[in-house]
Amino acid sequence: AQSVTQLDSQVPVFEEAPVELRCNYSSSVSVYLFWYVQYPNQGLQLLLKYLSGSTLVKGINGFEAEFNKSQTSFHLRKPSVHISDTAEYFCAVSDRENRDDKIIFGKGTRLHILP
Amino acid sequence: DTEVTQTPKHLVMGMTNKKSLKCEQHMGHRAMYWYKQKAKKPPELMFVYSYEKLSINESVPSRFSPECPNSSLLNLHLHALQPEDSALYLCASSQGAVSSYEQYFGPGTRLTVT
């Protein structure tokens, strides 16, 4: 079965500093990978996804992520964060071989921007 | 229009009440989802509808009853809930029930069971 590990439950970072949110998945099969963001009192919104092709994926709001198959990782990065990036970030995985499979979410990482 | 709407935003109900949550999308999506999200936790999938047919039921208690009247609407009927059912209920939709498709989420209904 698929699983996703987000190693950090909370990441504090100063405004305009870079940030990396870590995500590792556990799978012996090919996967689709996603990062979703949830702002306070809102639903989830897709930041970016990896389906195939280039391992560096660019998303909305200046975020990017790199798919690393050998390390089974899909870490999210942003070179300079803003106060508006304060939110919960969820990494998610689904099974490419079973296209009707559901998406499995990680436990989430709360990004806390310090002024 | 890439919006999924949910009503009501907030709902407080007693354990003997019957209520319904509503979800609507006009993106022509053919898959719709119900998730339950407890505080500081990820969303947990409850139900998936694909082409208006229930395709996934994640062993949800029968006090939750989903309904998909047409391709744009999704309801969740609630009856005899327990206090532990208090949570944020999220609706989502996607082009199809294929895992590579992006899911679009509504803002959720915050349910409190007293």
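This is a predicted model: local features need pLDDT of at least 70, side-chain atom pairs count only at pLDDT 80 or more; totals for chains, interfaces and linings use all residues.
**View 1. The hairpin of β5(B) and β6(B).** Strand β5 of chain B, which covers residues 44–50, pairs in the antiparallel sense with strand β6 of chain B, residues 53–57, and four bridges link the two. Within this pairing, V48(B) has I56(B) of β6(B) as its bridge partner. The two strands form a hairpin with two residues between them, and Y51(B), which lies in the turn, has a positive phi of about 50 degrees.

**View 2. The covered strand β9(B).** Strand β9 of chain B runs over residues 87–94 and is mostly covered, with eight of its eight residues buried. The remaining views follow the pairings of this strand with β4(B), with β11(B) and with β10(B).

**View 3. β9(B) beside β4(B).** Strand β4 of chain B, made up of residues 31–37, pairs with β9(B) in the antiparallel sense, and seven bridges join them. One pair to look for in this view is A31(B), which stands opposite S94(B) of β9(B).

**View 4. β9(B) beside β11(B).** Strand β11 of chain B, residues 109–113, is antiparallel to β9(B), and their pairing extends over three bridges. Here L88(B) can be traced to its bridge partner in β11(B), which is R110(B).

**View 5. β9(B) beside β10(B).** Strand β10 of chain B consists of residues 104–105 and pairs with β9(B) over two bridges, again in the antiparallel sense. In this pairing, S93(B) is found opposite Y104(B) of β10(B).

How values were computed:
Residues are numbered from 1 along each chain as its sequence is written. Chains are lettered from A and ligands numbered from 1 in the order in which they are written. Side-chain values use heavy atoms; hydrogens and water are left out. Two strands pair if DSSP finds at least two bridges between them. Buried means under 20% relative accessible area, exposed over 50%, partly exposed in between (1.4 Å probe, protein chains only).
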